[in-house]
Amino acid sequence: VSVETIAGVSLELNDEGFLVDPHAWSEAIAVELARREGIATLSERHWQVIRFMRAQWEERGEGPNVRLLGKTSGVSVKELYQLFPKGPAKLAAKIAGIPKPRGCI
Amino acid sequence: MKRIVILGAGTGGTLVANRLRRACGDRDVSIQCVDHDDRHVYQPGLLFVPFGMARPEDIVRSRRAQLHEGIEFHVDDVERVDLVSNAVQLTSGRVLDYDILVVATGAVLSPEETEGLAESWSAGVHSYYTLESALALESALTLFDGGRLVVNLVEMPIKCPVSPLEFCFLADSYFHERKIRDGVSITYVTPLDAAFTKPISSQHLAGMLAERHVEMVTEFNTARVDGPGRKLVSYDDRVVNFDLAVVIPAHSGAPYVTRSKDLGDALGFIDVDPHTLQAKCAPNVFVIGDAAGVPTSKAGSVTHFEGDVVVRNVLAFLDGRELDGSFDGHSNCFIETGFSKAMLIDFNYEVEPETGHYPAAVGLSLLKETRLNHLGKLMFQWLYWHVLLAGREIPGISGAMPLAGKHAPRPKEEEVSS
């Protein structure tokens with residue numbers, strides 16, 4: 001765990017760069033976390049996914065995997081990969097400030 | 001009379017039915033079990049079929065014959081579950097009313113979720129997660145004299161997540177025995193960022209792949225399978241070419257789950273309390289095995305360990321007692337590593353696979369290849385049919401994960417989420 005200042009707030013991040021406390025998240029933090037991952041600006045489509053991830057986490061305690069995201073977020077799997085390259089579920093979770101999806105066990 | 005309906009007569013459904021039947025004794029309880037056919041496949045045996053190490057007759061038995069007296073068995077499909085009226089609608093038109101429902105219908109393969117996959121079977125693309133596909137792959141391997149073998153799991157979760165790694169190890173061993181290993185390249189293509197999901201075991205397994213000259217391609221999310229063009233294409237437009245591909249399709253829950261209002265998620269898995277295994281959608285529904293959306297492996301060992309808690313909680317619910325919340329996500333599996341050796345891993349929700357011994361300081365070696373582990377894996381099939389399904393205890397093997405015998409220092413300072 002390391003402590004870093006993001007968007008003016010002192011935050012704990014785990015080894016993989018995920019927020020330790022999802023409650024500490026804000027939209028300004030998301031913008032900064034996205035920039036660190038190479039996403040210069042967050043479009044309305046990005047926000048749709050990010051808000052969906054937050055809502056899923058609040059409801060179920062964890063974020064969905066890619067296929068579930070594609071079926072339920074209103075953004076297709078193909079577009080998810082364009083918005084959040086490499087691993088959309090993982091990257092969107094990181095920017096949304098929620099834990100890495102545990103579906104991968 | 002209280003009516004218990006169990007959907008699925010595989011590992012979980014059978015062991016829960018048999019244990020409940022015994023535990024209910026003279027109580028006025030009926031137990032009905034439903035499955036779509038009467039073929040119970042010992043799924044861990046499927047891995048061995050392509051290599052000629054297991055025959056269909058060794059790994060398939062009658063479902064009905066595994067269920068004890070006093071359990072009614074229906075061969076039928078489930079149309080839907082109605083959580084409001086507490087009834088299961090079967091495809092034949094029959095309706096089963098229940099007081100308690102146990103869902104044990106596992107996971108199904110969904111090749112249609114990946115573009116080109118369903119059309120690519122027999123065009124250089126194979127699988128082994130069903131008996132039919134495993135037999136077809138056996139024939140294809142026999143005819144394979146050299147070239148690029150690619151093993152790809154499309155997406156997690158899959159049943160027995162170590163199985164595709166075992167397939168690579170066994171393929172290495174198999175081609176050595178056929179004396180053509182030099183002419184075969186083996187590539188393991190995974191959507192994960194490592195060989196496996198947890199750091200310590202990932203490192204061990206990556207080392208074992210490297211020792212065997214199995215190449216690894218990570219973070220590969222298969223968008224398209226092109227059988228005729230003999231290639232896999234990822235969402236970020238990377239290409240892996242093959243001569244023979246072994247592809248594990250994405251998994252979903254049984255189709256009736258998504259047809260049933262409020263029962264499961266969009267992939268057909270059912271949300272449960274991870275410690276009591278009670279469904280979140282209804283208090284009189286319990287879920288065991290691969291059908292449950294719990295953050296542990298989809299594996300027979302997990303199902304076996306869940307059995308204790310599910311049986312206890314069905315009885316507690318009948319009696320109006322408090323539920324037992326002791327399921328800890330315990331999972332273990334023998335990993336075949338080729339050349340008649342295997343290793344064992346043991347873990348739960350909190351503790352990742354590590355070195356040491358199981359079930360205690362004296363026992364089978366963890367994360368280490370031994371002949372004894374291989375014999376353990378082979379012997380387990382006998383235990384499965386005769387002890388596990390019958391719902392009897394396996395001496396020394398309990399539901400909760402043992403810490404004695406494990407090497408890592410405890411308590412851990414922090415848990416690394418996977």
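Predicted model: local features only at pLDDT ≥ 70, side-chain atom pairs only at ≥ 80, totals over all residues.
Biologist: Why is the contact of A:E44 with A:R51 called a salt bridge?

Modeller: The closest N and O atoms of A:E44 and A:R51 are 3.3 Å apart, and the cut-off for a side-chain nitrogen of Lys or Arg and a carboxyl oxygen of Asp or Glu is 4 Å, so the pair counts as a salt bridge. Over all chains, the structure holds 35 salt bridges.

Biologist: What makes A:E44 exposed, and why is A:R51 called partly exposed?

Modeller: A:E44 has a relative accessible area of 54%, and exposed means over 50%, so A:E44 is exposed. A:R51 stands at 41%, which lies between the limits of 20% and 50%, and therefore A:R51 is partly exposed.

Biologist: How do you know that B:R39 and B:E132 form a salt bridge, and which parts of the chain does the pair link?

Modeller: Their closest N and O atoms are 3.4 Å apart, and the limit is 4 Å, so the name applies to B:R39 and B:E132. The pair links distant parts of chain B, with B:R39 in strand β3 (residues 39-41) and B:E132 in helix α5 (residues 131-143), 93 residues apart. Both residues are partly exposed, because B:R39 has 36% relative accessibility and B:E132 has 47%, values between 20% and 50%.

Biologist: Are B:R181 and B:D172 buried or exposed?

Modeller: B:R181 and B:D172 are both buried, which means that each has under 20% relative accessible area. Their side chains meet in a salt bridge, at 2.7 Å from N to O.

Biologist: What makes strands β12 and β18 of chain B a pair?

Modeller: Five bridges join β12 (residues 147-153) to β18 (residues 244-248), and pairing needs at least two, so the two strands pair. They run parallel, and B:N152 stands opposite B:V247 in β18 of chain B. Both strands belong to an open sheet of five strands in chain B, in the order β11-β18-β12-β13-β14, with parallel pairing.

Biologist: Why are β11 and β14 of chain B called edge strands?

Modeller: Strands β11 (125-126) and β14 (214-217) are called edge strands because each pairs on one side only.

Biologist: Which residues touch the most other members of the largest nonpolar core?

Modeller: In this core of 118 residues, they are B:I4, B:V81, B:V88, B:F167 and B:F175. Setting aside residues up to four places away in sequence, B:V81 touches several residues, including B:L7, B:Y98 and B:Y256. A second, separate core of 29 residues includes A:V49, A:I50, A:V75 and A:F84.

Conventions. Residues numbered from 1 in each chain as written. Chains lettered and ligands numbered in written order. Heavy atoms only, no water. Buried < 20%, exposed > 50% of the residue type's maximum accessible area, 1.4 Å probe, protein only. Helix = DSSP H or I, 4+ residues; strand = E, 2+ residues; numbered from the N terminus. Core = buried A, V, L, I, M, F, W, Y, C linked by side-chain atoms within 4.5 Å. Contact = heavy atoms within 4.5 Å.
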